[in-house]
Structure formats: C-alpha cells, structure tokens
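Here's a quick tour of the side-chain contacts in this one. Have a look at the structure first, then read on.

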Amino acid sequence: MRNYDLEFLKKFSMVIGFLMLVTLGLMIAAYFVHKQLPQEIDPRAAKRTENRIGPVGAVYAGATGAASQQAAVAAAAAKAASQVAYDGTLDGKVIFDNLCAGCHKSGAGGAPTLDASHWAARIPKGKDTLHKHALEGFTGTSGVMPPKGGNPALSAQQVAATVDWMLDNIK
C-alpha cells in the first residue's frame, strides 16, 4: 500500500470512530429522555380528550334507529323530570328572582313586566290560562313564553306558585 492510502485509512477510521461515539451518545441521551416521559396517560386527561373529540350527536337510521331515538328522548325527559329546581321551593319570589326576572323585569322578548298595564289583557283570561301558558309555553303577538320559563326541571306547582306570586306583585 502506498503512503497516502494509509493516511486516508487512518483519517477515515477516525471519522467512523467519531461518528460511532456520537451515535452511542445520542442513544444514551435518548434513553434518559425516554425514562423521564410519563409512562401512562392520566385517566382524567384521557376522558377530557375523549369528550372533546367525541361526536356531538348520534345518528339514528331505520327502524332500530327510530327506537333508539325514542329511547334517548325518553331518557332525557326522565333525567330532566328527576331533577328538582331550586330545591323544590314553592316560593314564587325565589324562582322569579333566579329564573324569570331576566325577561320579566326588562321586558325582553315581549315579556310583560310587573306593571299593571302589561297585564291588563292577560288577567281577564284567568289564572288557569296563565298557569297553562307558563307551564306549556305560549307564542303570542307580542312575545314568546318558553315552557316552564326555560327550565324543564321546574314542577307544575313551582310554575303555578311563581305565576301567582307575579300576579300578587303587579304594581
């Protein structure tokens, strides 16, 4: 072999040796970095992620889909019925202040305020009609009353107590 070939082999061997040391160093660094990563995902974080990326609704198709849809609607209605709004209080003022005041104090959406002039056409219809409209909802010429004031957890007695309280406090 010639002298310059030996020089090349010596330098090439040094470069290969250096690259092997760099590779070994990177492997050791990767091992220690990997040891610091958490092994398992926190179940609460996984649940939040599943809720965030899960479907918003469900698809119901065919005869079995219609039955599933009816079952889902019934389950939602049963859940709403099982909840008791405002700890079951029959104090109309409490319910009015927490639920009804948003519309009935400002007149939003055509809701009558506790002013006698707004109730002049409504009072002659009778308490039963007012109770029914508050319970089932009502769409009139001047506005809309959502069923149970928009809170399906209210009982019929709570709605009636609130309507009676409003009638008693008209100015």
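Let's start with Asp42: at 33% relative accessibility, it falls in the partly exposed class. This is a predicted model, so everything here is computed from its coordinates.

What does Asp42 form a salt bridge with? The partner is Arg44, and the closest N and O atoms of the two are 3.3 Å apart. Arg44 has 60% relative accessibility and counts as exposed.

## The annotated domain

UniProt, in an unreviewed entry, puts a "domain: Cytochrome c" feature at residues 87-170. Over that stretch the chain is 48% helix and 5% strand, with 26 Å between the end C-alpha atoms.

## Salt bridges around the helices

Counting over the model gives 3 salt bridges. Besides the Asp42 and Arg44 pair, there's one between Asp97 and Lys93, with an N to O distance of 2.8 Å. How accessible is each? Asp97 comes out at 38% relative accessibility, which is partly exposed, and Lys93 is partly exposed too, at 40%.

Then there's Asp164 with Lys127, where the closest N and O atoms are 3.8 Å apart. That still makes the list because the cut-off is 4 Å. This pair links distant parts of the chain: Asp164 belongs to helix H7 and Lys127 to helix H6 (residues 127-136), 37 residues apart. Asp164 is partly exposed at 22% relative accessibility; buried would need a value under 20%. Lys127, at 43%, is also partly exposed.

## Aromatic pairs

How many aromatic pairs does a search of the whole structure find? It turns up 3. One of them is Tyr31 with Phe32: the ring centres are 5.5 Å apart and the planes meet at 75 degrees, so it's an edge-to-face pair. Tyr31 is partly exposed, with a relative accessible area of 46%.

Another is Phe96 with Trp165. Here the ring centres are 5.0 Å apart and the planes are at 40 degrees, so the pair is tilted. Phe96 lies in helix H4 (residues 92-104) and Trp165 in helix H7 (residues 156-168), so the contact ties together parts of the chain 69 residues apart in sequence. Are these two residues buried or exposed? Both Phe96 and Trp165 are buried.

Notes: Residues numbered from 1 in each chain as written. Predicted model: local features only at pLDDT ≥ 70, side-chain atom pairs only at ≥ 80, totals over all residues. Heavy atoms only, no water. UniProt positions renumbered as here; feature names shortened; annotations may be inferred. Helix = DSSP H or I, 4+ residues; strand = E, 2+ residues; numbered from the N terminus. Phe/Tyr/Trp six-rings, centres within 6.5 Å; stacked < 30°, edge-to-face > 60°. Buried < 20%, exposed > 50% of the residue type's maximum accessible area, 1.4 Å probe, protein only. Salt bridge = Lys/Arg side-chain N within 4 Å of Asp/Glu carboxyl O.
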